Amino acid sequence: MNLTNKIKKTIDRNKEKKSEEKKMEKTVLNVEGMSCSHCVNAVKNAVGALDGVAEVEVNLEGKTVTVTYDAGKVSLSAVKDAIEEEGYDVL
Ligand SMILES: [Cu+2]
């Protein structure tokens, strides 16, 4: 492979990366029933295990779960299901 092709490939890869980032959605969910760090970890692990989820933040006092996910890979309802399967209510 010559140098021009190498550079072109790198540029293409960066373009792909950018379009992937564009698809990322950030949603704040109101979740009832989380009371301690065990709950926080349960929710984080369950949602974080879903393919397409990039980041999960839990605010115990605010009763919110902030999820950053790739809408092309995982749906919001799948995220909600994962939280509810752990025993918490998504409002
Ligand atoms: Cu708990």
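**Exercises on a predicted model**

Of the 91 residues of the protein, 18% count as buried (20 or more other C-beta atoms within 10 Å of a residue's own, C-beta atoms being placed from the backbone). The model is predicted: local features need pLDDT of at least 70, side-chain atom pairs count only at pLDDT 80 or more, and totals for chains, interfaces and linings use all residues. Residues are numbered from 1 along each chain as its sequence is written.

**Exercise 1.** Describe how α2 and α3 cross.

*Solution.* Step one: the axes of α2 (residues 37-48) and α3 (residues 76-85) come within 9 Å and cross at roughly 140°. Axes are lines fitted to C-alpha atoms over the stretch in contact, with angles from 0 to 180 degrees between N-to-C directions.
Step two: α2 is therefore oblique to α3, since angles under 35 degrees count as roughly parallel, over 145 as roughly antiparallel, 65 to 115 as roughly perpendicular and the rest as oblique.
Step three: Val43, Ala46 and Val47 of α2 make the contact with Val79, Ala82, Ile83 and Glu85 of α3; contact needs C-beta atoms, placed from the backbone, within 7 Å.

**Exercise 2.** Locate Lys63 and say whether Lys63 is buried, partly exposed or exposed.

*Solution.* Lys63 is in the loop between β2 (53-59) and β3 (64-70). With 16 other C-beta atoms within 10 Å, Lys63 is partly exposed, a class between buried and exposed (12 or fewer).

Notes: Helix = DSSP H or I, 4+ residues; strand = E, 2+ residues; numbered from the N terminus. Contact = placed C-beta atoms within 7 Å.
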